[in-house]
Amino acid sequence: LSKQQLVDPLLLNLDQLLLGVKFLQELSPRTLDYLVSFGERLSVRIFASHLRVNEGLKAQYHDAFDVGFRSDSEFTRAELEDETFQNIRTYFEKFVGDECIAVVTGFIAKDKNGNITTLGRGGSDLTASALGAALGVTEVQVWKDVDGILSTDPRIVKGAVPVPRVSFEEASEMAYFGAKILHPIAMQPAMKSNIPVRVKNSYNPEHPGTVIASIRDPTEVRASPVTAISIKRGVELVDIVSTRMLGAYGFLAEVFKVFEKYKVSVDMIATSEVSISLTIDGAVCDAEVQAAISSDLEEIASVGFSTDKAIVSLVTNIPRSSDVLAQALRALSDASIDVQMISQGASKFNISMIVDDKEGSAAVKTLHDAFFD
């Protein structure tokens, strides 16, 4: 196809859309999804053409919504519908030959009304994972700018080392609490289909990267009981002390009903008979939301918000979690870093601690020295 046939129709549509936004002075979530889809759709057309013309490869571009990606109508953060997977299989059987390289757009789909949607954070990785699960591939590869999953953020610890293999559960815990390699949602299709995901480095393709699989290699011997250390910044610590429901059932239910009302998600929680400490994302809980939560809870509890906190998480293996916690607290104490809250996830793969944000990097360095040096 010529340039005029390949990309000009999309560029014309994009120009018309931007003109409409300019005159209306409005950009709804639905229009935003339509707008951001153009970059991906133009890219696959150009890249597939490059593979054919310059590399001599049999390649064809495909828009994900033509392949069969269907989602709900939650624009900017849509979720895939179950029919997507059968749609993909049917499409590939009909339109994609065995020797053809399919270049597919990432992170976009269409809802039942034909509107283009985007899949939110990790949407491109989710696209790859969904394709792999639907087609029953032996491995899904995700290419990033680091040598797979590292023991911690290399911007904080220059000596961070690659982790050769982790379980899906470990990778999910790392991603949720700050590691930015793969979003947990992106791994779900591959995890459900028991398909390994390999994270590799675009700038160092010879490196084997990290394999994420259902179970770790039982023969693998690790010097450290800790798989990785992650940090999540911009966290708020909320202390809720019961004033009228001491020991009464229903206290937790009343508290979480309020957080649900304001659509505030809780990261960590620690409870006692009369109090609750929990953490929330500071980005979604400004002063106005804080005041509203405090007002709704004032009849049953006093509420205190502490800002500028960080969650430092250790992803570890299950049998030695007590040893890990003891060693971690000892190292942080020796470094005069105050731990304000501790929580272990239900999966037992994660031990998380709250520290002041200004001490977050120091805490990560201290823990990395303790477990990896």
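# Briefing on a predicted protein chain

A nonpolar surface patch of about 210 Å² is made by Leu27, Leu32 and Val36. The model is predicted: local features need pLDDT of at least 70 and side-chain atom pairs count only at pLDDT 80 or more, while totals for chains, interfaces and linings use all residues. Residues are numbered from 1 along each chain as its sequence is written, and side-chain values use heavy atoms, with hydrogens and water left out.

**Overall make-up**

- The protein chain has 12 helices and 14 strands; these are DSSP runs numbered from the N terminus, with helices being H or I of at least four residues and strands being E of at least two.
- Along the principal axes, the C-alpha atoms of the protein chain fill a box of roughly 70 × 55 × 35 Å.
- Of the 373 residues in the protein chain, 43% are buried. Buried means under 20% relative accessible area, exposed means over 50%, and partly exposed is in between (1.4 Å probe, protein chains only).

**Surface patches**

- Patches are made of residues with over 30% relative accessible area and no salt bridge; like charges are joined within 9 Å, and nonpolar side chains (Val, Leu, Ile, Met, Phe, Trp, Tyr) within 5 Å.
- Accessible areas come from the Shrake-Rupley method with a 1.4 Å probe, and for residues only the protein chains shown count as cover.
- A salt bridge is a side-chain nitrogen of Lys or Arg within 4 Å of a carboxyl oxygen of Asp or Glu.
- Val36, one of the residues of the nonpolar patch, is found in helix H3 and counts as partly exposed because its relative accessibility is 36%.
- Glu79, Glu81, Asp82 and Glu83 form a negative surface patch. Asp and Glu count as negative and Lys and Arg as positive, with His and the chain ends not counted; the place of a charge is taken as NZ of Lys, CZ of Arg, CG of Asp or CD of Glu.
- Asp82 of this negative patch is found in the loop between helix H4 (64–67) and helix H5 (83–95). With 69% relative accessibility, Asp82 counts as exposed.

**Helix H3**

- Ser49 lies in helix H3, which covers residues 29–53. Ser49 counts as buried, at 15% relative accessibility.
- Ser49 and Ala59 are 10 residues apart along the chain, and their C-alpha atoms are separated by 7.5 Å.

**Helix H6**

- Helix H6 (residues 123–135) has 13 residues and should span 18 Å at 1.5 Å a residue; its end C-alpha atoms are 18 Å apart, which agrees. The expected span is 1.5 Å times one less than the number of residues in the helix.
- H6 is largely enclosed by the rest of the structure, because 10 of its 13 residues are buried. Among them are Gly123, Asp125, Leu126, Ser129 and Ala134.
- Ala134 lies in helix H6 and counts as buried at 5% relative accessibility. The C-alpha atoms of Ala134 and Leu11 are separated by 32 Å, and these residues are 123 apart along the chain.

**Positive phi**

- Most residues other than glycine have a negative phi.
- Asp308 is not a glycine, yet has a positive phi of about 60°. Asp308 is found in strand E12 (residues 301–316) and is exposed, with a relative accessible area of 57%.
- Ser336, also a residue other than glycine, has a positive phi near 60°. Ser336 is found in the loop between helix H11 (321–334) and strand E13 (341–344), and is exposed with a relative accessible area of 63%.
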